[in-house]
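Thanks for asking me to look this one over. My notes follow as numbered points, with the cut-offs given where each term comes up.

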Amino acid sequence: MPPGKKDSRSEAVPAIAAGIELEKMRRRVRLSRLTLFTAIAAGPVALAVAMASGPATATAAAPNKPAPVHTAAVTADPAGYAQVFIDAWLRSSADEAGSAQARLAQSLAPDVALPEPAADAQSKLRSVTAVRSVQRGGDAWAVTVAAQYTDGTVRYFAVPVAADARGASFAVTGAPGAVAGPARAAVPASPYTVHVPSDGALSSTVGEFLGAYLTGTGEVDRYLAPGVKLTPVSPVPYSAVVVREVSAVEEAAAAGQVPADGTKVRVQVQAEARDGAGRWPLAYELALTARSGRWDVAALEAGTVQGGGAR
């Protein structure tokens, strides 16, 4: 190279390096602005943290961590534990302490003595069911269990049980006591006070719908409102269904003609189902909607209140 002549490549290297550094500075400035604007939008606390943290620098993103799993608190209810104990205790005998039922009862309540039933007792235990659980305080519970015998009698026993707060451990803390059964609660008045004519469109729809739902006669879908899904009972339990009475909450259900589209009514149906074993009284609560001169079933519930009300 001639003397005094500068190499253009030697000048290009510093220029390129300066350009790279300038671009890094611009990126840091843009990132700092973005962080600042985000902090302003998040609130005063986030803004103070952003100001104290100084210039933002790019770091590798941390891998996503799974969100912590929060489990709902478990409510201790020793009803099932007390039911198992009473079943084993009533079926055991002090004369046969080595039997399976006696061993089970003693494993659940080692300090509780076994009963001594008469050898010639005619009535045998059929089933036991927990009917009430009451928390007395802390970890102490009292569970009332109903014992039904083959002669139709029912006896009630109160079982003291200790249970931890999480429902993970239980213990029978004393011998059961024979108690009176729960009192019969007052039945509330039925809201279904409007009589629906048996020869009207609504009763007809209800009868045909229950026939399809319980006997497989016809398609259930044809009686359902748009968007409603309802699977018929399977296997088919009955050969016939007869509607005995239909009552409603709204007066519109009693009209001879189907009312305007969109009219909603709630009805209770008293029906009788029949099969080879006999006749069975059933009750259903239905919600229906008027559409295009017909009634569509919008919802179904069973096990409805059958309280008396003014008609």
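**Notes on strands, pocket and helices**

1. Strand 2 (residues 140-149) pairs with strand 3 (residues 154-163) in the antiparallel sense, over 9 bridges. Here strands (E, at least two residues) and helices (H or I, at least four) are DSSP runs numbered from the N terminus, and two strands pair if DSSP finds at least two bridges between them. Q148 stands opposite V154 in strand 3. The hairpin of strand 2 and strand 3 has 4 residues between the strands, and G152 takes a positive phi near 95° there.

2. A word on the basis: this is a predicted model, in which local features need pLDDT of at least 70 and side-chain atom pairs count only at pLDDT 80 or more, while totals for chains, interfaces and linings use all residues. Residues are numbered from 1 along each chain as its sequence is written, and side-chain values use heavy atoms, with hydrogens and water left out.

3. With strand 4 (residues 170-172) the pairing is antiparallel over 3 bridges, and V161 stands opposite V172. These two strands form a hairpin with 6 residues between them, where G167 in the turn has a positive phi of about 70°. Strand 3 also pairs with strand 5 (residues 177-179), again in the antiparallel sense over 3 bridges, and A178 in strand 5 is the bridge partner of F157.

4. The largest pocket has a volume of about 420 Å³. A pocket is an open set of points on a 1 Å grid over the protein atoms alone, where a 1.4 Å probe fits, with protein on both sides within 12 Å along at least five of seven lines; lining residues have an atom within 4 Å of a point. The volume is the space filled by probe spheres set on the points, which are joined across faces, edges and corners. Of the 18 lining residues, L90, P117, A121, S123 and Y149 are the closest to the centre of the largest pocket. Helix 3 (79-91) and strand 3 are the elements that give two or more residues to this lining.

5. Which angle do helix 3 and helix 4 (residues 100-108) make where they pack? The angle is about 140°, with the axes 8 Å apart; axes are lines fitted to C-alpha atoms over the stretch in contact, and angles run from 0 to 180 degrees between N-to-C directions. The two helices, helix 3 and helix 4, are therefore oblique to each other, given that angles under 35 degrees count as roughly parallel, over 145 as roughly antiparallel, 65 to 115 as roughly perpendicular and the rest as oblique.
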